[in-house]
Amino acid sequence: VLKDRIEGDEYDVEAWEQLVSELRTRQQTPEVVALLRQLYEDMVAVFPTSCATWRARVELEMAHGATETVNALFGESLLNIKELDLWRVYIKHVKAMNQGGSAEGLGAIKQAYEFTLDHLGT
């Protein structure tokens, strides 16, 4: 029913959100995760600047340890979406990838903060 609504009106945000919600409440089997990935990809095609969609997509990949995919998604989205929520997830990701306190890791974290400030803030 929800897919029919979306096919009838691809801008039916409520139908998209209900479909995501339905999938997220299911047990996260590989099949359900694949469906979520496809759903988020479809949503981004319709709503390319939706911070919530990009964030959910990135967080799904982070939860499944898909670091290369996460990096690619940030590459596609960050410069087009100037919303703090997505950029916070970016900082969280960089910190998670650079734990341990090495000089190189601390440099990467500092660089991520500077990158964020350069693109978001005054």
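How many residues apart in helix α6 are tryptophan 87 and tyrosine 90? They sit three residues apart in that helix (residues 84-97), so about one helical turn separates them. Keep in mind that this is a predicted model.

**Aromatic pairs**

The structure has six aromatic pairs. Here are two of them:

| Pair | Centre to centre | Angle between planes | Type |
|---|---|---|---|
| Tryptophan 16 and phenylalanine 47 | 6.3 Å | 85 degrees | edge-to-face |
| Tryptophan 87 and tyrosine 90 | 6.0 Å | 75 degrees | edge-to-face |

Let's take tryptophan 16 and phenylalanine 47. Tryptophan 16 belongs to helix α2 (residues 13-25), while phenylalanine 47 is in the loop between α3 (30-46) and α4 (51-63), so their pair ties together parts that are 31 residues apart in sequence. Tryptophan 16 is buried, with a relative accessible area of 5%, and phenylalanine 47 is buried too, at 18%.

**Pockets**

The largest pocket has a volume of about 260 Å³. Trp16 shows up again here, as one of the lining residues. Helices α1 (2-8), α2 and α3 each give this lining at least two residues, and by class it has six nonpolar, one polar and five charged residues.

The second largest pocket holds about 220 Å³ of space. Phe47 is among the residues that line it. Two or more lining residues come from each of α2, α3 and α4, and α2 gives the most, with four. By class, this lining has seven nonpolar, two polar and two charged residues.

Terms used. Residues numbered from 1 in each chain as written. Predicted model: local features only at pLDDT ≥ 70, side-chain atom pairs only at ≥ 80, totals over all residues. Heavy atoms only, no water. Phe/Tyr/Trp six-rings, centres within 6.5 Å; stacked < 30°, edge-to-face > 60°. Buried < 20%, exposed > 50% of the residue type's maximum accessible area, 1.4 Å probe, protein only. 1 Å grid on protein atoms, 1.4 Å probe; cavity = no way out; pocket = protein on both sides within 12 Å on 5 of 7 lines; lining within 4 Å. Points joined across faces, edges and corners; volume = space filled by probe spheres on them. Nonpolar A, V, L, I, M, F, W, Y, C, P; charged D, E, K, R; others polar.
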